[in-house]
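Please read these notes with the structure open beside you.

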Amino acid sequence: MSPLGRLLLLTCFVLPLYGVEKVRNRGYRKDAEFDKCTGNDAEKPNCTRHTEESSPSNTMYGSCMQGPTGNPGREGNPGTNGIPGTPGIPGRDGVKGEKGECVSEIFEEPWRPNYKQCAWNSLNYGIDLGKIADCTFTKLRSDSTLRVVFSGSLRLKCKAACCQRWYFTFNGAECTGPLPIESIIYLDQGSPELNSTINIHRTSSVEGMCEGVKSGLVDVAVWVGTCADYPRGDASTGWNSVSRIIIEELPK
């Protein structure tokens, strides 16, 4: 073979091997260019460090570029209530309080009914002045009130104008709290045609309440007397019927 042929054959054999080696070296440089350095590797000649300072506007994650910040998301739904906690430790005893004062309370006894009745059958008492009947009563309290009632037949007869008065006394004195307890009968002067001596007996009553009577035994009596500035007539009490005195103690 001639020398020229040998040169061409050698060239065809060497050129492909040179190209492969060049491409391989380019790949190595590309990989090193994007190698990240950590720790002591930073001093290596083929190490390239990528920092936020070298890319101020974009941050590199591997081979991907971070996009712009998105809009804030909506608030989430409220969570469910948690499990109740365990009871805490009981607190310490408080400071002892000051000694209180003893206060005595007065409790009044409940009110008990207190009443009495004295009755007479056909009293037929014909006096014009004086005591007709009496009834003894035990009064329990000094601040109470006595209610008294006399019921019986009363009559007054006279030829001229006359007036008679029936009233209560307590231990011999008329009531002054507030005023006397009384009832009167007045008969006007009659005429010959109407017969002024007519004799009429009617059941009547004398009643009222008296304050200021002391507690204890009380003599309650019914009396008959005259009216002021009028003459006395012919009086009669309790004729042919039942007469009674009723006494009752009431709270004031």
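**Notes on the predicted model**

1. Residues 27-36 have a pLDDT that stays under 50, and the model gives this stretch nine contacts beyond four places in sequence. Residues 50-61 also have a pLDDT below 50, with eight contacts in the model beyond near neighbours in sequence. Where pLDDT is low, the predicted coordinates should not be read in detail.

2. This is a predicted model, and the average pLDDT of the protein is 80. A score of at least 70 is reached by 70% of the residues.

3. An open sheet is built from four strands, in the order 4-9-6-7, with antiparallel pairing. Its edges are strand 4 (130-139) and strand 7 (182-187), each of which pairs on one side only. From one strand to the next, the twist averages 10°.

4. Inside this sheet, strand 6 (residues 162-170) runs antiparallel to strand 9 (residues 216-226), and seven bridges join the two. T169, for example, has A221 in strand 9 as its bridge partner. Strands of a sheet pair through backbone hydrogen bonds, either parallel or antiparallel.

5. Is I132 buried or exposed? I132 lies in strand 4. Its relative accessibility is 8%, and the cut-off for buried is under 20%, so I132 counts as buried.

6. Which residues does I132 touch, leaving aside its neighbours within four places in sequence? The contacts are L123, Y125, W166, V222, W223, V224 and T237. For one of these, W223, the separation from I132 is 91 residues in sequence but 5.3 Å in space, C-alpha to C-alpha.

Definitions and conventions: Residues numbered from 1 in each chain as written. Predicted model: local features only at pLDDT ≥ 70, side-chain atom pairs only at ≥ 80, totals over all residues. Heavy atoms only, no water. Pairing = 2+ DSSP bridges. Axes fitted to C-alpha atoms, helices over the stretch in contact; angles between N-to-C directions. Buried < 20%, exposed > 50% of the residue type's maximum accessible area, 1.4 Å probe, protein only. Contact = heavy atoms within 4.5 Å. pLDDT = per-residue confidence, 0-100.
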